[in-house]
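Please walk through this model with the structure open beside you. Begin with the strands, then turn to the charged side chains.

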Amino acid sequence: MDNTMLIGLTRQLTLRRQMDVVANNIANANTQGFKAERMMLEPDTSMRARHEDGPNRAKFVDEWAMGRDFSQGALTHTSRPLDLALQGDGFFMLETDAGERFTRDGAFTLSPQGELVANDGARVLDAGGAPIVLDLNAGQISIGESGVITQNGQQIAQVGVAQFADQGVLNKTGDNRYMAPDDAERVFDEAPQIKQGFLESSNVRPMLEITTMMEVSRAYTSVTRMINDTDELSRKAIDRLGRP
């Protein structure tokens, strides 16, 4: 198979992956705290295209990494006292069966035991890394901008917020959550900006994603046409050379 078809096929593979990423962004446009993703490409230096009669500039392309846009999403007022939204950097800390996880989705509730939990029961951690337990009968819950939780004038705990020197080290684990490597440089935000009664919306811009989807679709069609044309030329050349 010649270079044109090989390069075209590698480009088709990356375009299909890019389409999956864009479709996932659109599907999560209404997911609280979701961060838009972008596929990052690089030349594949392990596979160099070669030809006999021209400059050797043709390169294959491969997926390098998944980039995420951690910019702030819009805040939506819900009036629910356990809905929390973060402003600026940082992540809420959760204790799950699979270990510690981080999220921007602050739609929390209270378990029957009085623990502050996410919608699947994962426990929200305080600034010291311990689960937050409230008194179900102690009255109204107030959460200040610094994350301090009070009931009846008594300070109960402070919502833990973790920040990372390099957010690129976070790995997506599903359920709109992230996992950090053991060696990730982490700091606890002692004065986070938390809004009670608000939720952070996704930062996905649907019109931009739809435009990107159209561009990817056109590019895929163009590459497919190029591969078909190359195949047709090769077939005609072989047919002509085979004539007596």
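In which sense do strand E5 and strand E13 pair, and over how many bridges? The model is predicted, and in it E5 (residues 91-96) and E13 (residues 161-164) run antiparallel, paired over two bridges. Look for phenylalanine 92. Its bridge partner in E13 is valine 161.

E13 also pairs with strand E16 (residues 186-188). That pairing is antiparallel too, and it spans three bridges. Here alanine 162 stands opposite phenylalanine 188 of E16.

Stay with phenylalanine 188, which lies in strand E16. Now compare phenylalanine 188 with glycine 90. The two are 98 residues apart in sequence, yet their C-alpha atoms are 8.6 Å apart in space.

Next come the charges. How many salt bridges does a search of the whole structure find? The search finds ten.

Take glutamate 200 and arginine 104. Their side chains form a salt bridge, with N to O at 2.9 Å. This pair links distant parts of the chain, 96 residues apart. Glutamate 200 sits in strand E18 (residues 198-200). Arginine 104 lies in the loop between strand E6 (99-103) and strand E7 (109-110). Both glutamate 200 and arginine 104 are buried. Lys35 joins them: Lys35, Arg104 and Glu200 are linked in a network of salt bridges.

Move to aspartate 83 and arginine 80. Their side chains meet in a salt bridge at 2.7 Å, N to O. Arginine 80 is at 47%, so it counts as partly exposed.

Arginine 123 and glutamate 115 make another salt bridge, at 3.0 Å from N to O. The cut-off for buried is under 20%. Glutamate 115 counts as buried because its relative accessibility is 16%. Arginine 123 counts as partly exposed because its value is 27%.

Technical notes
Residues are numbered from 1 along each chain as its sequence is written. This is a predicted model: local features need pLDDT of at least 70, side-chain atom pairs count only at pLDDT 80 or more; totals for chains, interfaces and linings use all residues. Side-chain values use heavy atoms; hydrogens and water are left out. A salt bridge is a side-chain nitrogen of Lys or Arg within 4 Å of a carboxyl oxygen of Asp or Glu. Buried means under 20% relative accessible area, exposed over 50%, partly exposed in between (1.4 Å probe, protein chains only). Helices (H or I, at least four residues) and strands (E, at least two) are DSSP runs, numbered from the N terminus. Two strands pair if DSSP finds at least two bridges between them.
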